[in-house]
Every structure is written in C-alpha cells, then in structure tokens.
Amino acid sequence: MNDDKKLIEEFIGGNDYSFEKLLEKYLKPVFNFIYQLAGDFHVAEDLTQETFIKSWKHIKKFDMEKSFKTWIFTIAKNTTYDYFKKKKTIPFSNFVDEEGNNQLENMSDGNILPDEILERKNIAEELEKKINNIPQHYRVILLLRYKEDLSLQEIAAILDRPYNTIKSGHARALRSLKKLILNK
C-alpha cells in the first residue's frame, strides 16, 4: 500500500494529522497547477483552499484502487473550471491575451554561472511565449505532463478523456510547439 492510501485510511480512522500530511505533500503542486490555469495568485489561493476542502469532505468516497494524486488534481481542475463557468469567462483566456503572467519554473543548479542562468531565463521566457500560442487543450496536457510530472494515464483520468486521445494530443502538442520554435 502506498503512503497516500495509508494516510487516507489513517485519516478516515480518526487521525487528523494524516490529512495534514497529504495537504503538505500536495499543496504546492496543486496551487501551482491552479495558478497556471487561473493566472491570478489570489484566485489560485482561494481555489486551492476550496480544492482541499472538497477533498477533505469527500475523502471517504475516494476509491482506494485509484491514485490520490490523480483524484486531487481532478478536483483542482473541476474547481477551477467551475470558477470560470460561474464568472462566465473562458478558461485559460489569460494564456491567449498579452496580459497573461504565467511563468515556467526555472530549475537552476547552484553551480551554474550567471551568464548561463540568464541564457536559461531567456530560453524559458521564449518557450513560455511559444506555449502561449498553442491551443489551450494542448497547453493543459503539456502543463500536467512536464510541470506537474504526471503520466499520460493520470492526465487522461484528470481530464476525463481516453488515454489514446491524451497520447495523441500530447504528440500533437509537442509537434505544434516544435513547429512554433523552429519558425521563430
């Protein structure tokens, strides 16, 4: 049994500390995911809190045969989509317009020279601009795959799409991004 499922069982058994451990493990990745979708820090904070409240309320319904990570990201996605539906705005519109401020995380090694850091930052900014020009359904797949390190199977579960649809969408997203990069 994996750690998540053990913590869920302990929480259902009355150990509140177990849910806190799940919260600690998934808070940052869920917040980052929602922030990338919403593009607004304060909205992302609120939606992250709502996601964890929903998971806390419904954890007894969690299917122990499934992945908790997939389940929590599905709740996060649905909570964010619901927020945009209520606001009557198009999800991910911040990715399309020039006001979008989403940032790709720069992974830097402490031994990297300053000019290399600057070059990587410039590459990351250029990549971000290119990603903003691909269709939103492809951006979501790339975000979940490479930013949140989810498998294509997990992404299929989160987006409630067949695995082969996500697999081909992933390939198309990469081709679309490659075409934009090569055409500069």
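Good morning. Helix α7 gives the most to the lining of the second largest pocket, with five residues. The model is a predicted one, in which local features need pLDDT of at least 70 and side-chain atom pairs count only at pLDDT 80 or more, while totals for chains, interfaces and linings use all residues. Residues are numbered from 1 along each chain as its sequence is written, and side-chain values use heavy atoms, with hydrogens and water left out.

Let me stay with the pocket. By pocket I mean, on a 1 Å grid over the protein atoms alone, an open set of points where a 1.4 Å probe fits, with protein on both sides within 12 Å along at least five of seven lines; a lining residue has an atom within 4 Å of a point. The second largest pocket has a volume of about 260 Å³, volume being the space filled by probe spheres set on the points, which are joined across faces, edges and corners. Its lining comprises 14 residues, and Y81, H137, L159, R161 and I166 lie nearest the centre. Two or more lining residues come from each of α4, α7 (136-147) and α9 (163-183). Helices here are DSSP runs of H or I, at least four residues, numbered from the N terminus. By class, the lining holds six nonpolar, four polar and four charged residues; Ala, Val, Leu, Ile, Met, Phe, Trp, Tyr, Cys and Pro count as nonpolar, Asp, Glu, Lys and Arg as charged, and the others, Gly among them, as polar.

I turn now to helix packing. Helix α4 (residues 68-87) packs on helix α8 (residues 152-159) at an angle of about 40 degrees, with the axes 8 Å apart. Axes are lines fitted to C-alpha atoms over the stretch in contact, and angles run from 0 to 180 degrees between N-to-C directions. That angle makes α4 oblique to α8, since angles under 35 degrees count as roughly parallel, over 145 as roughly antiparallel, 65 to 115 as roughly perpendicular and the rest as oblique. K69, T70, F73, T74, K77 and Y81 of α4 meet E154, A157, I158 and L159 of α8, contact meaning heavy atoms within 4.5 Å.

What angle do the axes of α2 and α7 make where they cross? They cross at roughly 155 degrees and come within 11 Å, which makes α2 roughly antiparallel to α7. F33, Q36 and L37 of α2 touch V140, L143, L144 and K147 of α7. Thank you.
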